[in-house]
Amino acid sequence: MGLRRTVWCGEVQASGVEVTVAGWVDATRDHGGLLFVDVRDRSGVVQVVVDPGAAPEVWEQARQWRGEWTVAVRGLVRERSAANVNPKLATGAVEIVPAEVAVYGRARPLPFQLDGAAAVEETTRLRYRYLDLRRPDLQANLRMRHRFTAAVRAHLDAAGFVEIETPTLTRSTPEGARDYLVPARMAPGRFFALPQSPQLYKQLLMIAGLERYYQIARCWRDEDLRADRQPEFTQVDIELSFVEAEDVMALAEGLVREACRAAAGVELQAPLPRMTYGEAMVRFGSDRPDLRVPLEIVEVGADLSGTAFQGFAQPLAAGGVVRALRVPGGAALTRRELDALTAEARNRGAAGLAWFLLGTEGEPAGPVAMRSPIAKFLAPEQRAALVERTGGAAGDALFLVAGPAPVAATVLGWLRLWAADRFELRRGAWRALWVTDFPLLEWDADAGRFVAVHHPFTAPHPDDLALLAGEPARVRALAYDLVVDGTEVGGGSIRIHDREVQSRLFAALRLSPEETADKFGFLLEALSYGAPPHGGIALGLDRLVMMLAGADSLRDVIAFPKTAQAGDPLTGAPAAVAERQLRELHLRADAVRT
RNA sequence: GGAGGCGUAGUGUAGUGGUUAACACACCGGUCUGUCACACCGGAAAUCGCGGGUUCGAUCCCCGUCGCCUCCGCCA
């Protein structure tokens, strides 16, 4: 290789001793009679200054160098004169005077510039991901990710956990997301599935008596993607035996706090606040409330009782609710915006969106002066009660949704986040909390049956067991989600460790005994051989690191991510395969995309 | 499955029913001894994503298609 590195570029210090740096040509500045070359490695950049009079051979070579060539420089470090110090550079007080240089590899002009001056299109970046990753900010993200996982391993190791790998070739199970399938050559017509999570394996490890398991586990879900969703992603997967929900939450809370501190210096509140699912839905209209937004939904049905306005009266008579959200500054919204909000509220299931703009007639202290198409349907005392209940003031807008409680909640929950964006209402950061007491089951109208909110192995609350057969919607789950700034970053539960309870749950899900036996027989069987009470949690590693890195997309914290169409522009995956490969797998492709 | 946005030199953008398709950075050549976003002079570089239609004429208008981004549905 010739010259061998003795020091990282970013750590070159004034010394008068000889060093050798190796890396990429970050920039050249040729002044004719003086040449500057910035050499970059993973640690940073250092300036090399070449004087043709002092070192003509070196100058002859170095003046040929172009951006992104890989080179090495051996020479003396010297301090720059005070006037030439660059305070923006860690090594800005020194420079290298080369005695010998070497070129390891030349580079064609790059397909895009790495300086970040222009936002390059995602496809181009991904097609040349190995160049994109030369950007210091992306490398910093990957290092932060490493620090996070290193802290997780250290923390869990110290707590007696064992890191265990589980299979990625496993079986498809009903419920949950669409599986990625892998054809089984040895078994024509059969398929492996890539795991959506190691859920069943970690339960089996508990039955096996490992007691404390974790894994930095890759998971796959073949669903449509988003900025915060990739087809393959990573969970910090944890499971413990002989524990209750409190034990798991305490462990996870300490772990996340420590890892956030170690990776990014972020301090989470201690202890994290708790909120039940029901409270979160009523107050924030979401099961993952963003506590940075200082707005809450309020119940106003009682203030409107006896109203003549059918848009409120009918839902109330039908057992529904009327709820309101105050939006500070919302009186400035245009009719066009209000119409668009109404349309979106309808799109989300609301019958309509009632709005009241307060104090818009110019009255100095008269917030009851409201502008609204339906104000005339409300008695003056009702309008006053509405303003009083919501804490409305001149300049605010009040939005009301009437209907079934879940619809009113989710529509206003959406509106709350919209208002936070529109009026920049978010305050603070890292507002984490636990959301608990989720319902175990929810009605799936399409399937015509109940489905598991979390997954079908989540334990019902013991007090609610009797409701399972008759009123399944009222059964609470021993489940908990970790939410940070409106993003779900982890979720877990106490699992069912009783074979009979597990069977009852499958029955509540309308899984036939035959299907249960076929697909989950192994689990039921395992549960019959002395299963410990157990539970765990899975933390979304990518999302946590994304937030810690301040990134907007998971792609910025994954080395080789996929596009929104689940493709990889670098390798061309997914790709067609040879006919022979299909034959071996007993498959026929019925569609060919060119 | 649905909605919206984008696609023009290597990159990022501008632009127009008839133009020599513009600008910046990058690239190439030259000048320059203190730059670090070096500066200055010059140059090369475009199938205006692809296919079809309208038109005397389409990069521009219309339809389709592909790709990328964002959102809804979906994601136990």
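Which residues is Gln-215 in contact with, leaving aside its neighbours within four places in sequence? This note takes that question up in its first point and then moves through the helices, the aromatic pairs and some backbone features. The model is predicted.

1. Gln-215. The residue has its place in strand S9, which covers residues 212-220. Leaving aside neighbours within four places in sequence, Gln-215 is in contact with Glu-163, Ile-164, Glu-165, Thr-166, Pro-198, Gln-235, Val-236 and Asp-237. Its relative accessibility is 8%, and Gln-215 counts as buried because the cut-off for that word is under 20%.

2. Helix H5. This helix, residues 199-207, is mostly covered, with 7 of its 9 residues buried. The buried residues are Gln-199, Leu-200, Lys-202, Gln-203, Leu-205, Met-206 and Ile-207. What covers them includes strand S9 and strand S10 (232-241), together with helix H14 and strand S22 (534-540). Strand S9 is also where Gln-215 sits. Just after H5 comes Gly-209, which takes a positive phi of about 95 degrees.

3. H13 against H14. Two packed helices are described by the angle between their axes and the distance between the axes. Helix H13 spans residues 499-508 and helix H14 residues 513-527; their axes come within 9 Å and cross at roughly 160 degrees. That angle makes H13 roughly antiparallel to H14, since angles over 145 degrees count as such. The crossing in which H13 passes H14 is right-handed. On the H13 side, the contact is made by Arg-499, Gln-502, Ser-503 and Phe-506; these meet Thr-516, Phe-520, Leu-523, Leu-524, Glu-525 and Leu-527 in H14. Sorted by type, the residues of this contact are 5 nonpolar, 3 polar and 2 charged.

4. Spacing along a helix. An α-helix has 3.6 residues a turn, so residues three or four places apart point the same way. The reader may keep this in mind when looking at the residue lists for the helix contacts.

5. H4 against H15. The axes of helix H4 (residues 136-158) and helix H15 (residues 541-549) come within 10 Å, crossing at roughly 125 degrees. H4 and H15 are therefore oblique to each other. Their crossing is right-handed. From H4, the residues Asn-141, Met-144, Arg-145, Phe-148 and Thr-149 meet Leu-541, Asp-542, Leu-544, Val-545, Leu-548 and Ala-549 of H15. The residues of this contact divide into 7 nonpolar, 2 polar and 2 charged.

6. Aromatic pairs. How many aromatic pairs does a search of the whole structure find? The search finds 9. One of them joins Phe-457 and Phe-520 in an edge-to-face arrangement, with 5.5 Å centre to centre and 75 degrees between the planes. Phe-457 lies in the loop between strand S19 (449-452) and helix H12 (467-470), while Phe-520 belongs to helix H14, so the pair ties together parts that are 63 residues apart in sequence. Phe-457 counts as buried, at 5% relative accessibility. Phe-520 also counts as buried, at 1% relative accessibility. Elsewhere, Phe-309, Phe-312 and Phe-377 form one aromatic cluster.

7. Cis peptide bonds. The bond from Ala-270 to Pro-271 is cis, and its omega is near -10 degrees. Pro-271 lies in the loop between helix H6 (245-264) and strand S11 (274-276). A cis peptide bond also joins Ala-573 and Pro-574, where omega is about -5 degrees. Here the proline, Pro-574, lies in the loop between H15 and helix H16 (579-584).

8. Ala-566 is not a glycine, yet its phi is positive, at about 65 degrees. Ala-566 lies in the loop between H15 and H16, the loop that also holds Pro-574. His-586 is a residue other than glycine with a positive phi, near 60 degrees. This histidine is found in the segment after H16. Is His-586 buried, partly exposed or exposed? With a relative accessible area of 45%, His-586 is partly exposed.

Technical notes:
Residues numbered from 1 in each chain as written. Chains lettered and ligands numbered in written order. Predicted model: local features only at pLDDT ≥ 70, side-chain atom pairs only at ≥ 80, totals over all residues. Heavy atoms only, no water. Axes fitted to C-alpha atoms, helices over the stretch in contact; angles between N-to-C directions. Helix = DSSP H or I, 4+ residues; strand = E, 2+ residues; numbered from the N terminus. Parallel < 35°, antiparallel > 145°, perpendicular 65-115°, else oblique. Left-handed = near helix turned anticlockwise from the far one by under 90°. Contact = heavy atoms within 4.5 Å. Nonpolar A, V, L, I, M, F, W, Y, C, P; charged D, E, K, R; others polar. Phe/Tyr/Trp six-rings, centres within 6.5 Å; stacked < 30°, edge-to-face > 60°. Buried < 20%, exposed > 50% of the residue type's maximum accessible area, 1.4 Å probe, protein only.
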